[in-house]
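This report looks at one helix and at the aromatic rings around its end. Please keep the sequence and the structure in view while reading.

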Amino acid sequence: MANEVVLLDLKASPFAARVRIALEEKGVEYKSEVEDLSNKSSTLLKMNPVHQQIPVLIHNGRPICESMIIVQYIDEVWSHKPSLLPSDPYRRAHARFWADYIDKKIYPIGRNLWASKGELKESSKKDLIQCFKILEEELGDKLYFGDESFGYIDMALIPFYSFFYTFETLGNLCMAAEFPKLVEWGERCLRKESVSKSLCDQKEVYEVVLQIKQKLGIE
């Protein structure tokens, strides 16, 4: 069977961006099929019947769901290219821990920041600032989270760089002032072609978020 790779995709999704970056890092040719989540395709409903969400990687007709699970799958299948995960078991577990932390914290808290108001919005802002402080401390003086080279943790977090302008505008904060190392890291990651061609522009993400706020009836 031909090595057919299809990605059920959405440009502004940070989760789909992770998969796009991983595919670019491995040099995998793929077809992007952009989904309309307000009118989900029969393919999406069939390939991800449990969550009915993107991204879904369809490899030779077989679906793989959940962004970081897809990234691990890509790493294992296209193993002829440098690994996205560390080879050492401890460092690999460490990378998975931080990717899990990012998954459980950044998007849920960030969404609360723009999809709420009043006390919940303020508490979400404080929680988000605390999360970024913890991540900046973990980054320290390293070039990337994995040390000298772009890897699994960077791939988990860098799509949220596209949300920095949204966090600043709707949360009334300055990322460069609060988290200079994270902003420098984001700019460093963007110098990689696999990242720059996969990420959505910060202003575009902001416009998408404003549309979501409007649908939710939140000014």
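**Terms and model**

A residue is called buried when its relative accessible area is under 20%, exposed when over 50%, and partly exposed in between, with a 1.4 Å probe and protein chains only. The model is predicted, so local features need pLDDT of at least 70 and side-chain atom pairs count only at pLDDT 80 or more, while totals for chains, interfaces and linings use all residues. Residues are numbered from 1 along each chain as its sequence is written, and side-chain values use heavy atoms, leaving out hydrogens and water.

**Helix H4**

Helices are DSSP runs of H or I with at least four residues, numbered from the N terminus. In H4, the buried residues are Ala-95, Trp-98, Ala-99, Tyr-101, Ile-102, Ile-106, Ile-109, Gly-110, Leu-113 and Trp-114. These buried residues pack against several helices, including H1 (14-26), H5 (118-139) and H11 (202-216), where contact means heavy atoms within 4.5 Å.

At Ile-102, H4 bends by about 25 degrees, the bend being the angle between axes fitted to the seven residues ending there and the seven starting there.

**Aromatic rings**

Rings of Phe, Tyr and Trp (its six-membered ring) pair if their centres lie within 6.5 Å, and planes under 30 degrees apart count as stacked, over 60 as edge-to-face and the rest as tilted. By this rule there are 15 aromatic pairs. One of them, Trp-114 with Phe-163, is stacked, at 5.8 Å centre to centre and 15 degrees between the planes; the pair links Trp-114 in helix H4 to Phe-163 in the loop between H6 and H7, 49 residues apart.

Trp-114 counts as buried because its relative accessibility is 2%, and Phe-163 counts as buried because its relative accessibility is 4%.

Conventions: Helices (H or I, at least four residues) and strands (E, at least two) are DSSP runs, numbered from the N terminus.
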